[in-house]
Amino acid sequence: MSATKQKVTIKGTKDGLVFFMDDSCSFEDLVSDLKNKVEYSHQQILTGPVIHITVNLGYRYLSDKQEQQIRQIIRKRGNLVIKEFVSEVISREQALMERLASHTNVVTGTVRSGQVNEYQGDVLLLGDINPGGLVKASGSIFVMGRLRGMAHAGLYGDDQAIIAASHLEPTRLQIAEVMSLPAEQWVQHEMTMEFAYLIDGKMQVDSIHRIKQIRPDWTQSDIRG
Amino acid sequence: MGEAIVITSGKGGVGKTTTTANIGTALALSGKTVCLVDTDIGLRNLDVVMGLENRIIFDLVDVVEGVARLEQALIRDKRFENLTMLPAAQTKDKSAVKPRQMEKLVNELKKDYDYVLIDCPAGIEQGFKNAVAGANRAIVVTTPETSAVRDADRIIGLLEREKVGTPKLIINRIRPHMVKNGQMHEVDEIVNVLAIDLIGIVPDDESIIASANLGEPVVLKHQSPAALAYRNIARRILGESVPLMNLNSHSGIMHKVKKWFGIR
């Protein structure tokens, strides 16, 4: 094992240390160099109070198992806390999931009693959700019509998701894990478009014009005058 | 080649059989050849409403099982040359027939008749699947009650997945004075929720019960409001454009005078 070139380069930033991992060598070489640095050669900078570590992988893709291996090596020193892994590459699967998550499904028609429709990403429904009908989405749900049935936004736990409808008169709403039976928990029926959202783990309903205050950094673009 | 129309509702007791009998009779009155098919195996009623109960020899299950030929099971209505019905079996249940067999049977009937009206049983199980199998079009019957509208919504959802496409709606048993008092859903409200086209509205009418007990479809009584409503629906099926009935129509000179002065 003759490391002619540094496989792991450690640099300090104001947020802690960044471990730059060489992305052209083999994983074994990388691991042995990391072990060497953490356990022997860089004692003086790696001891002391808690230090946050960012692991920058460059163009290397790590499997879950490999990531665990690196975590274990760094964790041997109790004061080193891994903040995040940064990589320039992601798997195809993850890329697809991210693409779907940012996708808005435009759907037309009426969701009728007994029908369950599930979507990845946001849903823009041009139609009604009738009592007994259910729409699920990993993102937010926007209904250009009457929401009189059930809606579940943030299917995989996104608590920033919202449910908006021209007429929000649901029998049941759910955002992430929080379920709400509107008739019992909030009374509205204003003549404006409304939306439901989570604040401190509780569901609230507000007029749509308040969305800017409630989710200030939610959309990609704002209205500019 | 005729057309097969299934008459369904989801909920029971909203008037599917009455509707089938009356639309069928009205179509026959306007000169079309019509065959009524009762698919409510085990709980048949259409024969009773049509007054043909005591003429049943063979039934739908006999035909499907090959015990009888189709022509043997068909009952010709003596009042009209061009109206026949195929009764359901009373001793079997819905599982006696499969959708495939129903489809074949209905296709057979479509060759000989202008209209094949299929009376669907309540529910969404086997009986419903059988009834829908051979149909080209569907009519959903509901009443102005929340439970019936809910079930109609469910049925429309199921029909949209079948090849019958988007069904047409009949709202049955409307009581104008209850609608006026806000105790009953309005027609517009129901159409709004169900989001399908209306093909007719039928007022609640005591003569329906009376004529069903007599075994005479109400359309044969010219003066009854329900009879007029069913004749209108038949005309719409034939492609005529007939305006919806005004259920709040008051007759009498005093009403006209009041209307003149703008008092209602």
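# Sheets, helices and cores in a predicted model

Biologist: At about what angle to E4(A) does helix H3 of chain A run?

Modeller: This is a predicted model, and in it helix H3 of chain A, made of residues 64-75, lies across two strands, E3 (51-56) and E4 of chain A. Taken against E4(A), the helix runs at about 155°.

Biologist: Which strands stand at the edges of the sheet that holds E4(A), and why is one side of each left without a neighbour?

Modeller: The sheet is an open one of 4 strands with mixed pairing, and its order in chain A is E1-E2-E3-E4. An edge strand has a single partner strand, so one side of it is left without a neighbour in the sheet; in chain A this applies to E1 (8-13) and E4 (80-86).

Biologist: By how much does that sheet twist, on average, from one strand to the next?

Modeller: The order to follow is again E1-E2-E3-E4 of chain A, in an open sheet. Going from one strand to the next, the twist averages 25°.

Biologist: Which residue in E2(A) stands opposite Ile10(A)?

Modeller: E1(A) and strand E2 of chain A, which covers residues 16-21, run antiparallel and are joined by 6 bridges. Within this pairing of E1(A) with E2(A), the residue opposite Ile10(A) is Phe19(A).

Biologist: Which helix lies across E1 and E2 of chain A?

Modeller: The helix in question spans residues 27-41 of chain A and runs at about 50° to E1(A). Its name is H1(A).

Biologist: Which are the edge strands of the open sheet of 5 strands in chain A?

Modeller: That sheet has the order E6-E8-E10-E12-E13 in chain A, with mixed pairing. The strands that pair on one side only are its edge strands, and in chain A these are E6 (116-119) and E13 (178-180).

Biologist: What is the average twist from one strand to the next in this sheet of 5 strands?

Modeller: Here the order to follow is E6-E8-E10-E12-E13 of chain A. From one strand to the next, the twist averages 10°.

Biologist: Which residue in E12(A) is the bridge partner of Ala151(A)?

Modeller: Strand E10 (residues 150-153) and strand E12 (residues 172-175) of chain A run parallel, with 4 bridges joining them. For Ala151(A), the bridge partner in E12(A) is Leu173(A).

Biologist: Is Asp200(A) buried or exposed?

Modeller: Asp200(A) is found in the loop between strands E14 (194-199) and E15 (202-207) of chain A, and although it is not a glycine, it has a positive phi of about 50°. Asp200(A) has 5 other C-beta atoms within 10 Å, so it is exposed.

Biologist: And Arg173(B), buried or exposed?

Modeller: Arg173(B) lies in strand E7 (residues 168-174) of chain B, and its phi is positive, near 60°, in a residue other than glycine. A residue needs 20 or more other C-beta atoms within 10 Å of its own to count as buried. With 22 other C-beta atoms within 10 Å, Arg173(B) is therefore buried.

Biologist: Around helix H10 of chain B, how wide an arc do the buried residues cover?

Modeller: The buried residues of H10(B), which spans residues 206-214, are Ile208(B), Ser211(B) and Ala212(B). They are on the same side of H10(B), because around the axis they cover an arc of only 105°.

Biologist: Which residues are exposed on the other side of H10(B)?

Modeller: The buried residues of H10(B) have a cover that includes helices H1 (16-29), H2 (46-49) and H11 (225-237) of chain B. On the other side of H10(B), the exposed residues are Glu206(B), Ile209(B) and Asn213(B).

Biologist: How many residues does the largest nonpolar core have?

Modeller: The residues with the most contacts inside this core include Ile5(B), Val116(B), Leu117(B) and Tyr230(B). Leu117(B), leaving aside its neighbours within four places in sequence, is in contact with residues including Ile5(B), Ile7(B) and Val34(B). Apart from this core lies another, of 27 residues, among them Leu125(A) and Met150(A). The number of residues in the largest nonpolar core is 79.

Biologist: In chain A, where is confidence lowest?

Modeller: Chain A averages a pLDDT of 87, and 92% of the residues score at least 70. Confidence in chain A is highest in strand E8 (residues 134-137), at 97. Where pLDDT is low, the predicted coordinates should not be read in detail. In chain A, confidence is lowest, at a mean of 64, in residues 182-185, which form helix H5(A).

Conventions:
Residues numbered from 1 in each chain as written. Chains lettered and ligands numbered in written order. Predicted model: local features only at pLDDT ≥ 70, side-chain atom pairs only at ≥ 80, totals over all residues. Pairing = 2+ DSSP bridges. Axes fitted to C-alpha atoms, helices over the stretch in contact; angles between N-to-C directions. Contact = placed C-beta atoms within 7 Å. Buried ≥ 20, exposed ≤ 12 C-beta atoms within 10 Å, placed from the backbone. pLDDT = per-residue confidence, 0-100. Arc of directions from axis to C-beta. Core = buried A, V, L, I, M, F, W, Y, C linked by C-beta atoms within 7 Å.
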